[in-house]
Amino acid sequence: MSDTAILGGGCFWCVEAVLRDMRGILFLTPGYAGGSTDHPTYKQVCSGNTGHAEVVKVEFDPHTISYDDLLRIFFTLHDPTTLNRQGNDIGTQYRSIIFYKDEQQKEAALAVRAEIEKQNLWEAPLVTAIEPLTTFWPAEEMHHDYYERNPGTGYCAAVIAPKVAKMRKVFAARYSA
């Protein structure tokens, strides 16, 4: 039996790349959530006019990786203190957000966020929003496995590769061989 999490930590290419090959992660789908436009396109979301965030739908095996542990990793893989921004990616589509599907996920997200705040892992207050999921829209096919298919592009080499390397070092035991 699997479970699902919807996480927005800036560019969905980064989140997907970091979680890829992590034990317990079954399937990753980049997409959009939290906005008002049905079937949004990447271009529409990048305009900042749809209200959507770039997110990744994470299907995972809760017997291998718990929802709480997935959230702890999420709070490490991006900067949850910058409002509507991750590095040079600026706009509401890059906001730090957890979309929950039920009360159990909501309570877990609130508890893990409070735990991370209490640990003072970051030098500024967390701005990660926790909101109910209304609709998840998968991104266009060209965004799926983007880093894996385009490792030599400038963004992938300069931004995603160092983030993946860092996470693979910090969470080495969580990755498949």
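User: Which residues does Q86 touch, not counting residues up to four places away in sequence?

Analyst: In this predicted model, Q86 touches G9, G10, H78, D79 and Y94. Each counts as a contact because heavy atoms lie within 4.5 Å. Q86 itself is found in strand β4, which covers residues 85-86.

User: Why is Q86 called buried?

Analyst: The relative accessible area of Q86 is 10%. Buried means under 20%, so Q86, at 10%, is classed as buried.

User: What makes the pair formed by the side chains of Q86 and T82 a polar contact?

Analyst: The two side chains are 3.3 Å apart in this contact. The cut-off for a pair of N or O atoms is within 3.5 Å, and therefore the value of 3.3 Å meets it.

User: What is the order of strands in the open sheet of six strands?

Analyst: The order is β7-β6-β1-β3-β2-β8, and the pairing is mixed. Neighbouring strands are turned by 35° against each other on average, direction ignored.

User: Why are β7 and β8 called edge strands?

Analyst: Strands β7 (129-132) and β8 (136-138) each pair on one side only.

User: How do you know that β2 and β8 pair?

Analyst: Pairing needs at least two bridges. Strand β2 (residues 25-33) and β8 have three, in the antiparallel sense, so they qualify as a pair. Concerning individual residues, the bridge partner of Y32 in β8 is W137.

User: Which strands does helix α3 lie across?

Analyst: Helix α3 (residues 67-77) lies across β1, β2, β3 and β6, and runs at about 15° to β1.

Terms used. Residues are numbered from 1 along each chain as its sequence is written. This is a predicted model: local features need pLDDT of at least 70, side-chain atom pairs count only at pLDDT 80 or more; totals for chains, interfaces and linings use all residues. Side-chain values use heavy atoms; hydrogens and water are left out. Helices (H or I, at least four residues) and strands (E, at least two) are DSSP runs, numbered from the N terminus. Buried means under 20% relative accessible area, exposed over 50%, partly exposed in between (1.4 Å probe, protein chains only). A polar contact is a pair of N or O atoms within 3.5 Å; within protein, one must be able to donate a hydrogen and the other to accept it, and residues adjacent in sequence count only if both atoms are side-chain atoms. Axes are lines fitted to C-alpha atoms, for helices over the stretch in contact, and angles run from 0 to 180 degrees between N-to-C directions.
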